[in-house]
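Please keep the sequence and the 3D view open while reading.

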Amino acid sequence: MKRSLSHGPGAPVPDDATAHRALLDVAARTPDAPALRTGGGTVTYRRLVASAGAVRAELLRHGVRPGDRVPVLARPGGAFAVAALGVLLAGAAYAAVDPEWPAERLAGVLDDLDARLVLDAVGTGRPDAVPGELPVVPLPTGEEDPTGAAAADVGADALACVFFTSGSTGRPKGVAVPHRALVRTFLHGGYGELGPDTVMPMVAAPYWDGGALEVFGPLLNGGCAVEVPRGPLDPAALRRLVRERGVNTLWLTSSLLNLIVDEDPGAFTGLRHVMTGGERLSPAHVARFLAAHPAVRLTNGYGPVESMVFVSTHPVTPADLDEADGIPVGTAIRDTLLAVVDADGAPVPYGETGELLVGGGGLALGYLNRPEEDARRFTALDVPGRGPVRVYRTGDLVRMTPGGRLSYMGRADRQFKIRGFRVEPGEVERVLGRTTGVKECFLIPRRDAGGTVTGTVCAYTTEPGHGPAPEELARAARGLLAGYLRPDRFVRLDALPLGPTGKADLRAVEALVRPLPTTPAAVTDGSPALRAVRGILDAPALTEDEDLLALGAHSLQVLRIAARLSGLLDVELSALDVYRHATVRALEELAAHRPRRTAGERTAEEQDEPGDRLSPGERRFWIAERLAPGAPGHVATSRVEVTGPVDPDRLEAALTAVAAAHPALRTTFPPDRGRPRRAVSPAPAPVPLVRASTTGTTEEALTAELASAVHDLAHGPLLAAGLLSRSADRHTLLIAVHHAVYDAHSEQVLLTDLATAWSGTAPAPAPAPPATGRATGTERDFWRAELAGQEPLALPVPAPAMRTLWTTPVTGRAVPLPAGTAPRLHAAAARHRTPALTLLLAAWWRALSTWTGQLDLTVGTVVADRAPAHERTVGYLANGIPVRVTGQPGTGGAELVGLVGTRLLRALAHAALPTDEIAALAPRPAGGRMPLYQTVLALQRVNAPVRLGETLLRPRPAPPLGPQAELVCELWEDGEELTGALHAPEGLLPPAAHALLTDLFASELDLLLTKDLT
């Protein structure tokens, strides 16, 4: 039976190889190439070696010898790079330490290092924790002749650096890393194209192995490391680094990747390689990244510090989003052994879960002064053909495929990572447990839906009668723990829940400290900035003067706050601004004195003020109304089932109050020198409610009457309403609105505000639709390439011209979907890590390709195009986008779903360009047919019900009044079931063909959900 063992490619590191000798070789080849870009300018390799040589000389004068361990007070940047290289040239090992570490931690680290001195690369002087007898040596300001820079004669197994990581005993562990590990990881590792043109920012903490990657990754390969202004990497900073410093390669944790994808996915534009890891990747965020940046290489890297940054890497592709075990962590890099073993230490068969052991050239020498930890974590594995091999027990549970690819399954202990840093809960618990009055405490990780740890909570009990309050323990933690180890929240418990064995029940503790769900009413007051920060911090009671950092805002939340408020307030705010102005009021005041950003600096979420210009949706339907005046499909309708008594006069007044709150419902589009302009009436005209009963009219007739009243875009009205009563407590509310100012989301906004107005409260004023789109030049480039060579839908019947289509009555046929389709659809979508729309599009492609014989098909779909600032805007803020799919007959279900999902996500990532502008980039079909796409598949979600006192308003699907395309497959989901219909212009399809195509779609969808994807 094949066992889970894998060896990485490439030759072992030579015994005489060292990191500093590799860098000196680069400097000898290209002495004038840029090595560092700092605030003071560009540093060539010649100058870097000269400055590091001066550090070496200074260390030698202070008695440093090969094998010594030199603590370096450091922050990311050029000074650290110079200091680290100088230490290595002296034959010693550097250990970066943070000058802001708590005194107890710093003192313990210095004691472990048994140092002769402390090298100060930050210029802050002597920290209080440094003993007076230990010299603190500043970096020398001079340079040595680089031609005379000598390298100490040490070998590959000599100690190069020490990284201090969290320890389960409450004492940090110093991981001793040899030169062999640095050279194995950063030279010819096989996971990236590190070379002379690599430009990489120095962002990670130097005391973390990720910091070494950002320095020695580029420098050992002739590239350039770029200093970043102090503070976390936010989307605006990343854009500047790419634009101004030429950064093209990036390493960041998966949490930071998620943040930038959420806040400004365009910030990655211009990069060629992004490496990420440290935590499990989120398929949803990775999907958005890949769709937005298909040409950017994305690598998922995995590895403990005990094996120097990476032991395995994986080039991420859209196909990985469907993996049942999550996005793989990949295969072994150069000179690396991977083994998956059972509880007895024997390798398990491929595909079975076990603990990962790692060996090879990247392995650490062990832990400083911790023989008991060495014995616990490092062991020997008998490898066939090689005998006993030294390996490290990671504690991570994984599975390995026959090809050697790993998937991460979880931990065998309580250890976890947060923002890339390893956390041993025991260290935090033991340190805080020594606080006077604390009886017991536990560190509980908080995870998001994807399993990523987003924060921590300290739950503790106190001695009877006394003990610290949560805020007091939080203050104590700031003096005892490094920043990444400090809990975000502190919760004092009356008693600790116990399990059946009498031990603490951690699951019960976690349930006790889990935050209560936020109620909508709790976050409706306050400014938009305050509401945004409440949502980010999950703090519904936050006031504008509360200190965000005192509340426990961690670095990723700070980044989110900076990015989100930059968009809301139209200025550039950095994470550093949040740290320095840590209340919402202070940030708003700071923003008031900042210049507005230029159009090039705005992210994709922001919009210009509308003025009298038309939005893309308004312009689209204004043109459509000119081409086909009075076409029924230009009007949207809402059908609302009303259960309970209704006062028609009160309902009419409430509708008028809703119109007063929404500019779009008071808008007309009068011509101005042949062009339309947006004119918003300051006060709404009363919205008359047409009242009828089923004894005198039908729903179809009343709908047609209302729709005919809202076609005059120049003079209005664009809103009409009617109440069709069947009895005193059974009615149908019908609302007709011109599509220029109404979409599906607008219905929910309108009904919610209708309930507010019914209660006697005027709905809050909402913003008008934005006048400009959010597209960039890259959007146009994408669509031009995506649509090259596109062919129109090959109907087996004569196709109508667009104007004829719009003015032809529509006919529909229900799609025969079996009960239970909706839950099966969402279960399959979740299993394949793709939108539910993907599966519907795949089934529609199969049905169309079977019916037409066409394999290259473009299907339109409708997506919301709303920035957060316009969640309450009534208007047409949707956008029609084409999804082009080219498949082959007999393509399997999983493969087809992967193909369609990739094309859909790519299209969604470029959905900011308005439909009409996309159409202008596509080939024009002959015969005056609809441009861009001739068939549409739309998934609509039936909006939630609202109450008018005791009366319930429940929205129902509303069939279209006219054709929107030659074939429209529209589906509605109400939270329980999926229903649908296939609509076409009357007379286009013979009844038998209409039935055939409808049944084909239903059967293909059922086949996907019940057989092909199971």
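A residue is called buried when its relative accessible area is under 20%, exposed when over 50%, and partly exposed in between, computed with a 1.4 Å probe on protein chains only. The model is a predicted one, in which local features need pLDDT of at least 70, side-chain atom pairs count only at pLDDT 80 or more, and totals for chains, interfaces and linings use all residues. Numbering starts from 1 along each chain as its sequence is written, and side-chain values use heavy atoms, with hydrogens and water left out. Helices (H or I, at least four residues) and strands (E, at least two) are DSSP runs, numbered from the N terminus.

- Strand 4 spans residues 69–73 and is mostly covered, with 4 of its 5 residues buried.
- Two strands count as paired if DSSP finds at least two bridges between them.
- By that rule, strand 4 pairs with strand 5 (residues 93–97) in the parallel sense over 5 bridges.
- Within this pairing, valine 70 has tyrosine 94 of strand 5 as its bridge partner.
- Strand 4 also pairs with strand 6, again in the parallel sense, over 2 bridges.
- On that side, leucine 73 stands opposite aspartate 120 of strand 6.

**Helix 9**

- Helix 9 (residues 283–292) is mostly covered, as 7 of its 10 residues are buried.
- The buried residues of helix 9 are Pro283, His285, Val286, Ala287, Phe289, Leu290 and Ala291.

**Backbone exceptions**

- Most residues other than glycine have a negative phi, and most peptide bonds are trans.
- Aspartate 114, although not a glycine, has a positive phi of about 50°.
- Aspartate 114 sits in the loop between helix 4 (103–113) and strand 6 (118–120), and is exposed, with a relative accessible area of 60%.
- Histidine 188, also a residue other than glycine, has a positive phi near 60°.
- Histidine 188 is found in the loop between helix 5 (179–186) and strand 10 (199–202), where its relative accessible area of 63% makes it exposed.
- The peptide bond from glycine 716 to proline 717 is cis, with omega near -5°.
- Proline 717 belongs to the loop between helix 20 (699–708) and strand 34 (719–727).
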